[in-house]
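Hello,

Here is the structure I promised to pass on to you. Please open it first, then read my notes below with the model beside you.

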Amino acid sequence: GITRHYKFDIKLQNVTRLCKTKSILTVNGKFPGPRIIAREGDRVLIKVANHVQNNVTLHWHGIRQLRSGWADGPAYITQCPIQTGQTYLYNFTIIGQRGTLFWHAHISWLRATIYGPIVILPKRHVPYPFPQPFKEVPIIFGEWWNANTETIISQALKTGSGPNVSDAYTINGLPGPLYNCSTKDTFKLKVKPGKTYLLRLINAALNNELFFSIANHSLTVVEADAVYVKPFRTQTILITPGQTTNVLLRTKPKAPNAIFAMAARPYVTGPAAFDNSTTMGLLEYETGPNHNKNKKLPLLKPVLPKLNDTSFSFKFSQKIRSLANAKFPAKVPKNINRKFFFTVGLGLSSCSKSQRCTNNTQVLAGINNVSFIQPNTALLQAHFFNKTKGVFTTDFPTNPPFKFNYTGKPPSNLMLSTGTKVVVLPYKTSVELVLQDTSIIGAESHPLHLHGFNFFVVGMGFGNFDSKKDPPKFNLVDPAERNTIGVPSGGWVAIRFLTDNPGVWFMHCHLEVHTSWGLKMAWVVMDGKKPNQKLAPPPSDLPKC
Ligand code: C2O
């Protein structure tokens, strides 16, 4: 591999959307941010300079960061923030991954505007295991907020009510014609007939899973979270925040006299969730031979699943399967060393005095009833220098503190506790983790994201996980290998991974409001014995808290 150099300047930029001009945080003044392109095996150096008042960190979402945990980026987990006027060099090598990922700010809600695609090409002269596309096009979904997102989240944290929904969804930063004065801000994909296009879909939205479809065109899914999958055709994609999906789009053999809309809108679950807005882009053919220039082409629109179509979402996520062939084997851990059962969901916590308290309780979210408290210094530093006292404790519960009917009516007295708790695991532990949605405040889908590893999705179901009946049905042959999975609303998912990467690895719901409410925790993976199984010392420019 070669070394690729990038310079990312965090700076303010005026951007106009929905008829309002707003100064937003960007990388290099671009919205969405610049694309990182590399090949599998390349080393990537990104020098980040912070020219704004906010503290910033960047995360290379889905990059394994093998023994390079210092470059992972979540604030107060692997590093202290880059402060105003400071720089930090993110330095990592892409090992065993190719496909689409993305980068985003990983502090507070700054990823609302600070995000961009990561395109990892196969090694030189290595073809894709699918037809070579004529063209590749990143399509990155996001959300646009008229208000300042930092104000929104700080209000949500103060009042305990859910933050306002965003003002628009976007495709490559553009809301599209269904929004107020946005016709000129519409993403257009111009295509030639009879060609194959590779669309690199990325969901960078803060708080919503999205359905995506293109009118009259089917899509062939070939890759998810930078892992090749068994190709399958579909009209509609479901993509959670944090997920990336590569699809092939085969254009019609002859240019039709029509324009085709591509559209994305949320899949929503949970109490009182409703958001009917849709972002739309256009697929336009280079005009057909019998096209009369004076005639306006009809616009065809796709039909998307209904807003709360959990059954579609569940089936779609189960269709994603590893290639599991000789070239791309699925290395599913078989002999499990440690089993964990984690409940994920919203809950209440007792409180006093704060503005968020109603009847001495406030809404938080947690894993195994623990709502994670962000420490004042980075966990990875504390771990590496063995100064963990007062930073974190190692008593994260391996099972929920109470058993109850997770998907039925919950007991009324379930309070979340708070703390900065981690699970410590030896190097190369094979882990099985069941994530169970709870309905303490309402059943809700949670896209869980794990840093530092890919995991295999060995099982998934509705209702309560049954530790006797469900494991025998696990798929150990060709399960999806990914970094983000939606825990079904009112259901569970079982994943397996091998802790072959020493460091401190964050795991959290990729719905930003849930992360802010505490639906997060961290795994500490110890060094192995051999020199190449150890975490390197921190770089000299690692920011201090
Ligand atoms: Cu995409 Cu912890 O992040």
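Let's begin at Asn369, which counts as buried, with 22 C-beta neighbours inside 10 Å. A residue is called buried if 20 or more other C-beta atoms lie within 10 Å of its own, exposed if 12 or fewer, and partly exposed in between, with C-beta atoms placed from the backbone. Before going on, please note that this is a predicted model: local features need pLDDT of at least 70, side-chain atom pairs count only at pLDDT 80 or more, and totals for chains, interfaces and linings use all residues. Residues are numbered from 1 along each chain as its sequence is written.

Back to Asn369: this residue sits in the loop between strands S22 and S23. Helices (H or I, at least four residues) and strands (E, at least two) are DSSP runs, numbered from the N terminus. Asn369 has a positive phi of about 65° although it is not a glycine. Asn368 is found in that loop too, between S22 (361-367) and S23 (370-372). Its phi is also positive, at about 50°, and Asn368 is not a glycine either. Asn368 is buried, with 22 other C-beta atoms within 10 Å. Most residues other than glycine have a negative phi, and most peptide bonds are trans. You will find Pro32 in the loop between strand S2 (20-27) and strand S3 (36-39).

Now zoom out. The protein chain has 4 helices and 33 strands. Its radius of gyration (taken over C-alpha atoms) is 23 Å, close to the 24 Å that the globule rule gives for 545 residues, so the chain is as compact as a globular protein of that length. The globule rule is 2.2 Å times the number of residues to the power 0.38. Buried residues make up 50% of the 545 residues.

Which residues touch the most other members of the largest nonpolar core? They are Ile495 and Ala522, in a core of 145 residues. Strand S18 (residues 259-267) gives the most to this core, with 6 residues. A nonpolar core is a set of buried Ala, Val, Leu, Ile, Met, Phe, Trp, Tyr and Cys residues joined through C-beta atoms within 7 Å. Leaving out residues up to four places away in sequence, Ala522 touches Ile77, Leu379, Val422, Val504, Trp505, Phe506 and Met507. Two residues are in contact if their C-beta atoms, placed from the backbone, lie within 7 Å.

One last stop is Phe396, in the loop between helix H3 (379-384) and strand S24 (417-419). Phe396 is buried, with 22 other C-beta atoms within 10 Å. Its contacts, leaving aside neighbours within four places in sequence, are Val370, Lys421, Val422, Val423 and Met521.

Enjoy exploring!
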